[in-house]
Structure formats: structure tokens, C-alpha cells
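Please keep the model open while you read these notes. They are meant for someone new to reading structures.

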Amino acid sequence: MSECPNCPECGSEYAYEDRGLFVCPECAHEWSAETAADGGEQIKVWRDAHGNILEDGDTVTVIKDLKIKGSSAVVKVGTKVKNIRLVDGDHDIDCKIPGIGAMGLKSEFVKKG
């Protein structure tokens, strides 16, 4: 078994390798093996609810009814959202939902495709 590096975010020694990425179980930080080897800048990876990697311009489907804060409107399960934009912050996805307008979504409530 190979040695995994400590987490660069929290310093945890319990990091493990999963599908080419190192993962920290304590702070949920993910980084690539290349980043660990050269100590360079890491690239943020966004994943949907099923673990598929998301990219700008993808089409995603909502997998759970989502209540909109401050409104009685609901984004229904199965709603397709086209041309997403990935951002850093408390919400991972900026998008326009038909019939509702611009809003932010968390990637854990969508699936790619």
C-alpha cells in the first residue's frame, strides 16, 4: 500500500486515494496526485450527486424538489437546467431556471445529463 500525503487544507494524516484523487475524510478536501507531487496550484472539481464531474455549459437535472427561500415557488424534481456556470461559494452552480429565473444551486441536488 502506498503512502498518501497529508491533507494540504487541514493537515490530516487520514487522507486516502479515490479514482486518481486524494480525499481527506475530515474536511472533505480533494486534490490530484499531480498537485501533491509538485506542490502546485490545485484545480477545483465540481461533482454532481452521482459523482460525475461537472463543467461550465453542462445541462443538469434537479433530483429533489427545492423550495426557494423567500418565495412560495418550488423547483420540481426533473427540471432540466441548461448552460450552467460553476462558481465558488456556498452554491456551486449559477443558472437560469425556466419559469423562475436566475438562481444558485448546490451540485449535490443535481445530476448531469
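1. Ground rules. This is a predicted model, in which local features need pLDDT of at least 70, side-chain atom pairs count only at pLDDT 80 or more, and totals for chains, interfaces and linings use all residues. Residues are numbered from 1 along each chain as its sequence is written, and side-chain values use heavy atoms, with hydrogens and water left out.

2. Three strands line up in the order β9-β6-β13, with antiparallel pairing. Strands here are DSSP runs of E with at least two residues, numbered from the N terminus. Two strands pair if DSSP finds at least two bridges between them. The edges are β9 (80–81) and β13 (110–112), and each of these pairs on one side only. Strand β6 covers residues 60–62 and is joined to β13 by three bridges. Look for valine 62: opposite it, in β13, stands valine 110. As background, strands of a sheet pair through backbone hydrogen bonds, either parallel or antiparallel.

3. Another open sheet. It has three strands in the order β10-β11-β12, with antiparallel pairing. The edge strands are β10 (85–86) and β12 (101–105), each pairing on one side only. Strand β11 (residues 93–97) runs antiparallel to β12, and five bridges join them. Cysteine 95 has methionine 103 in β12 as its bridge partner.

4. Cysteines without disulfides. How many disulfides does a search of the whole structure find? It finds zero. A disulfide is a covalent bond between the sulfur atoms of two cysteines. The cut-off used here is a pair of cysteine sulfur atoms within 2.5 Å. Buried means under 20% relative accessible area, exposed means over 50%, and partly exposed lies in between (1.4 Å probe, protein chains only). Cysteine 24 has its closest cysteine sulfur in cysteine 10, 3.6 Å away and again too far for a bond. Cysteine 24 is buried, with a relative accessible area of 1%.

5. The whole structure holds three salt bridges. Each is a side-chain nitrogen of Lys or Arg within 4 Å of a carboxyl oxygen of Asp or Glu. One of them joins the side chains of glutamate 30 and arginine 47, at 3.7 Å from N to O. Glutamate 30 sits in β3 (residues 30–32) and arginine 47 in β4 (residues 46–47), so the pair ties together parts 17 residues apart in sequence. Glutamate 30 is partly exposed at 32% relative accessible area, and arginine 47 is partly exposed at 22%.

6. Lysine 112 pairs with aspartate 58 in a salt bridge, their closest N and O atoms being 3.5 Å apart. Lysine 112 belongs to β13, while aspartate 58 lies in the loop between β5 (53–54) and β6, so parts 54 residues apart in sequence are tied together. Lysine 112 is partly exposed, at 36% relative accessible area. Aspartate 58 counts as buried, at 14%.

7. Salt bridge of arginine 85. The side chains of arginine 85 and aspartate 94 meet in a salt bridge, 2.9 Å from N to O. Are these residues buried or partly exposed? Aspartate 94 is partly exposed at 28% relative accessibility, and arginine 85 is partly exposed at 48%.

Conventions. Helix = DSSP H or I, 4+ residues; strand = E, 2+ residues; numbered from the N terminus.
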